[in-house]
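Hi,

I'm handing a structure over to you today, and I hope you enjoy looking through it.

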Amino acid sequence: MDELELVHARLSSLAPLRLQRFAGHLKRLCLRQNVVSFLDPEVFCQLQKLEELDLYDNKIKTVGDALDQLSSLTILDLSFNMLRSIPDSIAHLRSLRTVFFVQNRITKITDLEASVSLTSLELGGNRIRRIEGLDALVNLEELWLGKNKLSKLENLDNLKKLKILSLQSNRITKIENLEKLENLEDLYLSHNGVERIEGLEHNKKLKTLDLGTNFIPAIENISHSTSLEELWLNNNKIPDLNALDRQLRHLASLETIYLEGNPCQQSEGANYRRKIMLSLPQVKQIDATCVFM
């Protein structure tokens, strides 16, 4: 058996499963949405063929040394548990590429110094106040930090392969310190306190920029983004559409723009969509509606 999936079985202990029986073959183990609180090292140390471990939505507070021997593990999901910190045993998982720690109680990014192989790190829905401890993650392509308590963009310079940076629903007020992220393609900063579009001059590969629900008063400093496909500026403080021609008309790849919820929508009234269409003939979607010429 290569895969074992037991979802919503209300398991509190793994002992009855006798997982040791599958030790020679088991590659994927899914135990999501149970009530598991303890990971027995004697059980897991034998599962050395395991490549994917899914413990989403359980009652785990600590991992201990249960996972130390899982040298083949590439995907680990410990989302919706009760972790207060990133397990230090992650240092032993040298093949690990993708980890999910969504919706725990983690307050600080630590113990990732040995996780050089990581390509995706998901820490959304925690209590993290500072971006730090990421310098060793030189192969990271995706970083998800939404719904934390972050107030500043910082300590990202070493993540030169990063393609996706998600920081929605934090406390960030300024776009800064992204100069080294030259491979960045998707930047999500909605529901923050951003006051200006700026600091993106070196991010030439940017395809998606989500700045919805912030405090931005003008469309500016974005004319250089020639790879841009989606621009979300809904629910900001943009008073008019005068900058569309100058900043966005020449961006041939731009297909989607969101501007609803700005003062310009109300001030333009019935002319709102028509004016955007005339300024940006390349766009195929305005807000949630497709454009029909």
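You will find serine 79 in the loop between strand E4 (75–77) and strand E5 (98–100); helices (H or I, at least four residues) and strands (E, at least two) are DSSP runs numbered from the N terminus. Beyond its neighbours within four places in sequence, serine 79 is in contact with Leu55, Tyr56, Asp57, Phe100, Phe101, Val102 and Asn104, where contact means heavy atoms within 4.5 Å.

A word on the source: this is a predicted model, in which local features need pLDDT of at least 70 and side-chain atom pairs count only at pLDDT 80 or more, while totals for chains, interfaces and linings use all residues. Residues are numbered from 1 along each chain as its sequence is written, and side-chain values use heavy atoms, with hydrogens and water left out.

Next, have a look at aspartate 54, which sits in strand E3 (residues 52–54). Is aspartate 54 buried or exposed? Aspartate 54 counts as buried, because its relative accessibility is 13%. Not counting residues up to four places away in sequence, aspartate 54 touches Leu29, Cys30, Leu31, Arg32 and Asp77. Leucine 178 is 124 residues from aspartate 54 in sequence, and their C-alpha atoms are 33 Å apart in space.

Aspartate 135 belongs to the loop between strand E6 (120–122) and strand E7 (142–144). Aspartate 135 counts as partly exposed, because its relative accessibility is 48%.

Now for the chain as a whole. The protein chain has four helices and 14 strands, and its C-alpha atoms fill a box of roughly 70 × 35 × 30 Å along the principal axes. Of the 293 residues in the protein chain, 48% are buried. Among contacts between residues at least 6 apart in sequence, 33% join residues at least 24 apart. The accessible surface of the protein chain is about 13600 Å², and 45% of that surface belongs to carbon and sulfur atoms; these areas come from the Shrake-Rupley method with a 1.4 Å probe, and for residues only the protein chains shown count as cover.

Happy exploring, and do write back with any questions!

Technical notes: Buried < 20%, exposed > 50% of the residue type's maximum accessible area, 1.4 Å probe, protein only.
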